[in-house]
Amino acid sequence: MRLLVVEDEARFAHALRRGLVADGFNVEVASDGAAGLELARYGDFDAVVLDVMLPRLSGYDVVRTLRQEENWVPVLMLSAKDGEHDQADGLDVGADDYLTKPFSYVVLLARLRALLRRAPDARPTVLAAGDVRLDPATRSVTVGEQPVTLTPREFGLLEYLLRRPGRVITKIEILDHVWDAAAEVNPNAVEVYVGYLRRKLGRHLVETVRGVGYRVEP
Ligand code: CA
């Protein structure tokens with residue numbers, strides 16, 4: 001899943017990014033509101049983590065503008081303020097959820113996962129194809145009754161494919177959403193990881209659409 005983090009405190013943004021990447025997310029960071037708005041408009045993100053107090057354009061302005069443009073990307077706002085007034089403001093202008101700093105990373109992760117579940121093409125709580133089931137909340141995967149251990153990258157790839165059943169997904173799409181934006185990745189890495197998933201979960205789970213990409217049957 002592709003996340004945009006808009007946060008001007010560099011150390012905090014860096015720590016957040018490191019945590020989310022380790023949990024299998026693909027993360028881009030913008031350090032002011034105007035850059036964040038620009039990326040959110042064109043970056044095809046699955047969710048945005050948005051600080052309120054930002055240089056150039058506040059988090060309120062960013063989310064208000066996105067909603068005016070009918071961009072419904074899920075937004076989780078962060079703020080150092082703790083008055084109920086601020087929280088209501090954030091939700092009024094169109095944020096989906098709100099966290100007050102300081103917060104625990106575990107809580108942020110849980111809220112993000114809840115947001116991603118509510119996202120337009122991401123409704124089911126447990127994702128399934130054939131006898132493979134993936135539970136994003138517990139980060140567990142089973143084949144039949146048998147639990148299977150996946151690396152964060154394998155898990156991210158499987159989750160991305162299962163959220164788009166029946167659709168042909170190109171390697172580039174997969175690279176953009178599952179791999180870290182900053183990393184230099186050879187497109188062959190997608191083939192390698194699809195191979196890992198087939199070995200762990202069954203040969204027929206992921207179908208190769210020759211010359212185009214991959215598809216998981218619903
Ligand atoms: Ca800030």
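Begin with Trp 179, which is buried, at a relative accessible area of 6%; buried means under 20%, exposed over 50% and partly exposed in between, with a 1.4 Å probe and protein chains only. This is a predicted model, in which local features need pLDDT of at least 70 and side-chain atom pairs count only at pLDDT 80 or more, while totals for chains, interfaces and linings use all residues. Residues are numbered from 1 along each chain as its sequence is written, and side-chain values use heavy atoms, leaving out hydrogens and water.

A search of the whole structure finds 3 aromatic pairs. Rings of Phe, Tyr and Trp (its six-membered ring) pair if their centres lie within 6.5 Å; planes under 30 degrees apart count as stacked, over 60 as edge-to-face and the rest as tilted.

Tyr 193 is partly exposed, with a relative accessible area of 22%.

Next, select Tyr 196, which pairs edge-to-face with Tyr 193 at 5.0 Å centre to centre and 80° between the planes. Tyr 196 is partly exposed, at 28% relative accessible area. Trp 179, Tyr 193 and Tyr 196 form one aromatic cluster.

Now turn to Arg 2, whose charged end sits over the ring of Phe 45, 4.4 Å from its centre. The criterion is NZ of Lys or CZ of Arg within 6 Å of the ring centre and within 35 degrees of the ring normal. Finally, select Arg 139: its charged end sits over the ring of Phe 155, 4.2 Å from the ring centre.
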